[in-house]
Structure formats: C-alpha cells, structure tokens
Amino acid sequence: MKSQTHLHSARELLDLCCTNGGAFVKVGQHLGSLEYLLPVEYVNTMKVLHSNAPRSSLEDVYQVIEEELKCKPKELFLEFEPEPLGAASLAQVHRAKLHDGREVAVKVQHRSVKAHSKVDMKGMELLVKMVSHIFPDFRFEWLVEEMKKNLPKELDFMHEARNAEKVAAQFAHFSWLKIPFIDWSHTTDRVLVMEFCEGGQVNDRNYMVAKGINTSEVSERIGRLYSEMIFVNGYVHCDPHPGNVLVKKVNNEAQIILLDHGLYTNLTSDFRITYSKFWLSILNADLKAIQRYGDQLGVGELFGLFACMVTGRSWDSISKGIDKKERSSAEQDAIKADAAKYLPEISAVLNRVPRQMLLILKTNDLLRGIEFSLNTQESMKSFITMSRCCIRSLFAHQRILCNSTLCSVRVSVAETWAQFKISLYTLYLLYLRSKLGKYIHKTWMTNNGAVTASCL
C-alpha cells in the first residue's frame, strides 16, 4: 500500500513537471538523483527526466535555428538527425554533420522556454508562498531566489560555451577528462554547436560492465574532479546529473565526458577556506571544530544536521569518523526516515547557509546519487581525495599570506608533511581492507575478547 501511494504520487509529480516544463523539469531532474534520500518509487519515476524530458517538434527546432543563425538548417548541416539524442528541461540535442565532414552535437533551446521562464518563476514563487503560509515551518524562498538568479544564465548558451572553455583550461592536466570543443561560428544565445562525443550515462552500471569500464575508477575520477573544483579552484559545475556526465573507454581506461556547462558557481575565497576547514573537521571527527566552522557558515546550533546533510551520513557515523565506519543499509534507512522527521530544521539550514552553499549541496546530492548507482559509496578513495584537496586549499591560502621566502618554505614543508601523513593513512586503510588485515583484526578482537572474559 505504501509503495503504491509513493508510485501514484511520483507519477502525478512527473505529470506536473512535464506539463509545466522549463524550471519544473529542472526540479524533477534533481529529485530523480536523490537515490540515497527519497523512496525508490520517486527516484525511478523522475529519473526519466535526465535525458527524456518533453521534446520540441522538429519544426520548432528548425525555426529556432533559422531565427538564430539566419539561414536554413540544410545550408548549415550536411546531415541533421531528426530524432534528438536527448531532451532536457531547457533544450534538446541533435546529432549532425557539418559540410566540412565534422560530426557535431547541436543543442537547441526549446522555442518558448525563454518567453515562459518568467511565468514559471512567478508560478513557482506563488506555490512556495502558499506552502509557507499553510506550513510556516517550511521555508523554501531560497529555492525561488536561486532559480531567479540561475535560470537566465542557463538560458544563455554563449555563457555556457565560455564556461566550457574555462573549465577545459583549468583541468587540462586531467588527460581522462573530455570537454567538447565549441564551434563558435554556429553558436548563439539559443543554439550551441559543439564536438559530438559518445558514451554511456555515468549511472549506467550495466553499460560500464559490458564495455569493461572500471566503475571504481569512474567514481574516483569524478570525486577527484569535483573535489578540485570545490576546494581548490572554487569554480564548480553544478549540474552533474547522469545525463550530463558520460563515460567511455579510451586507451583501456575510463574517460569522463562533462556536458552542459550552463550552471557554475564561483565560490568566494573566504567561503572556500571555511568550507575546507569544515570538511577536514568532519574527516577528523573533531566535533568542536565542526561546531565552530558550522557556526561560521551560518547554521548555528544546527551544525550537526548540516554536517549530516553535507556528508549524507548519520551523526553517529560522523562522531565515530566517516572514514572508519562503512555505510550500511540500516544507516541509509535511518537517514531517509530522519529526512522526513526533520524537514522544518532542514528548511531552516537551507535558509541560513550562504547562497553559494545551496548549489554545492545540490551538487553533493547528484554526486552521491552517482555513487549509489555505481555501488561505490563505501569506497574510502573519495575521502582521501577530499582530504588532499582541502589541505591544498588551506596551505595555498597560508602561502598567499606569507610575506617572506622563509615563511613560504615553512608552509610548503608543512603541506608536504600533511600530504605524506595522508599517504600513510591510505596504506593503513588498504591494509585494513585486505584479507590479511581483516584476518588479523578478527583474530585480535577474538583474543582480546577472550582475555577480557577471563579477567572478569
């Protein structure tokens, strides 16, 4: 009965999103990524929006191309596939071939989405006000504020193209990361032409197994990419839902293809440093520091709940060390139950944190959903990678504050020592998870229990 109720409600919600389109589809896409939090009926129903949102007709697609590029599609493209590769909330993508033989992906904005965006915002604002009036504990004004700020950016494909080139330059050192090249001669505010890239969606575990792609390697690389974005560069791709992250096997290793660069957030230096300190406090299970830096991030007495929201772990696991206690199904069930129980407090946290934190939380949710799809959520690699990036961020900040060469040398030595300690800890974790380590630990626990019993 409970499952049927969830399924019925999820289908009604999907119909609502598809009927209204635009911003409502974007909300639905996010819900489809919350596998660790929402009932499976909602996730499975809403995830269709990741690549199969409502589509525009081919006539509408051609009309937008003609309006933007001032010529017929046949004059621009040697071939143009009428069936879209995928459709999202604001646009859909078609495979095409230019007259010079290059294969491209053509992203075309839905014809009426820009004109309707203001109406969508007004409708969502009205709904939020009604909910807040009926249920005063639930404050979601932040959702409307963020949509008002970010939607115009996502509707400007020239802005998206510039973001793509910027992030490609920032991560040129990652040979396994692919950002499609932009064809500027055919790109406008509503049409974006880029290099065509093939691959499977990042949550398609069956595809990876069939292609011989290591799912742990995929998860580790995505974690490494986003850790550098958040803690080191402060320039974060905030829409990594599965339709925007593809995977392909190249030279016997996993290549990550990052698409849809319309939504990025620029983190201020102060926020990035404080957030790095907050994460290190969590990783070190330093509860006093968690409270101190949580307070600096504006959550006050709700620092514990905030830590749970950021990590997707229970407070008990955080207190004991999330790198020491593996995530269990019982913990996951408890988190889902607590999410419903503490909705007013969660709403309060979302209203208190800096606005840039909201997109980080969204990104965390999407990345966590990918981990669950690939069944890599128990890997410790993500915590190691995050620790390294937090340390890089904090010591780089200290280096900026130095006013002498000696000071810079001291900071560099301290950073090297901190990274070395992480390397030692990584070896220790590998040992604990090896067969030998598990056997020795089990034997020690058994013998220690026997000694304790004899003493009693």
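1. A word on classes before anything else: Ala, Val, Leu, Ile, Met, Phe, Trp, Tyr, Cys and Pro count as nonpolar, Asp, Glu, Lys and Arg as charged, and the others, Gly among them, as polar. With that in hand, the lining of the largest cavity divides into eleven nonpolar, ten polar and five charged residues.

2. Some ground rules. This is a predicted model, where local features need pLDDT of at least 70 and side-chain atom pairs count only at pLDDT 80 or more, while totals for chains, interfaces and linings use all residues. Residues are numbered from 1 along each chain as its sequence is written, and side-chain values use heavy atoms, with hydrogens and water left out.

3. The overall picture: the chain has 20 helices and eleven strands (helices, H or I, of at least four residues and strands, E, of at least two are DSSP runs, numbered from the N terminus). Of its 456 residues, 49% count as buried (buried means under 20% relative accessible area, exposed over 50%, partly exposed in between, with a 1.4 Å probe and protein chains only). Looking at contacts between residues at least 6 apart in sequence, 68% join residues at least 24 apart (contact means heavy atoms within 4.5 Å).

4. Back to that cavity. The whole structure holds four cavities of 30 Å³ or more, and the largest cavity has about 460 Å³ of space. On a 1 Å grid over the protein atoms alone, a cavity is a set of points where a 1.4 Å probe fits but cannot get out, and a pocket is an open set with protein on both sides within 12 Å along at least five of seven lines; lining residues have an atom within 4 Å of a point. Grid points are joined across faces, edges and corners, and a volume is the space filled by probe spheres set on the points. The largest cavity has 26 lining residues, with Gly223, Leu367, Glu371, Ser382 and Met386 nearest its centre. Helix H10 (215-233), H11, H13, helix H17 (355-374) and H18 each give two or more residues to this lining, and H10 gives the most, with nine.

5. The second largest pocket has about 640 Å³ of space. Its lining counts 32 residues, and Gly86, Val93, Gly243, Asn244 and Leu259 lie nearest the centre. Both helices and strands give two or more residues here, including helix H2 (23-31), strand E4 (103-109) and helix H8 (157-170). E3 gives the most to this lining, with three residues. By class, the pocket lining has 14 nonpolar, twelve polar and six charged residues.

6. Have a look at Asp260, in the loop between strand E10 (253-258) and strand E11 (264-266). Is Asp260 buried or exposed? Its relative accessibility is 18%, so Asp260 counts as buried. Although not a glycine, Asp260 has a positive phi of about 55°. Its side chain makes a polar contact of 3.5 Å with the side chain of Lys107 (a polar contact is a pair of N or O atoms within 3.5 Å; within protein, one must be able to donate a hydrogen and the other to accept it, and residues adjacent in sequence count only if both atoms are side-chain atoms). A polar atom of the Asp260 side chain also lies 3.4 Å from the backbone nitrogen of Gly262. Leaving out residues up to four places away in sequence, Asp260 touches Lys107, Glu160, His237, Asp239 and Asn244.

7. Asn251 is another non-glycine with a positive phi, about 50°. This residue sits in the loop between strand E9 (245-250) and E10, and at 74% relative accessibility Asn251 counts as exposed.

8. Helix H12 (residues 287-296) has Ala289, Ile290, Tyr293 and Gly294 buried. Seen down the axis of H12, these buried residues fall within an arc of 130°, so they line one face of the helix (the arc is that of the directions from the helix axis to the C-beta atoms). Their cover includes helix H11 (269-283), helix H13 (303-311) and helix H14 (315-320). After H12 comes Gly298, with a positive phi near 95°.

9. Lastly, two buried side chains in helices. Glu41, in helix H3 (residues 40-46), has a relative accessible area of 14% and so is buried; its side chain makes a polar contact of 2.6 Å with that of Ser3. Phe395 belongs to helix H18 (residues 381-401) and counts as buried at 14% relative accessibility. Phe395 and Ser412 are 17 residues apart in sequence and 7.6 Å apart in space, C-alpha to C-alpha.
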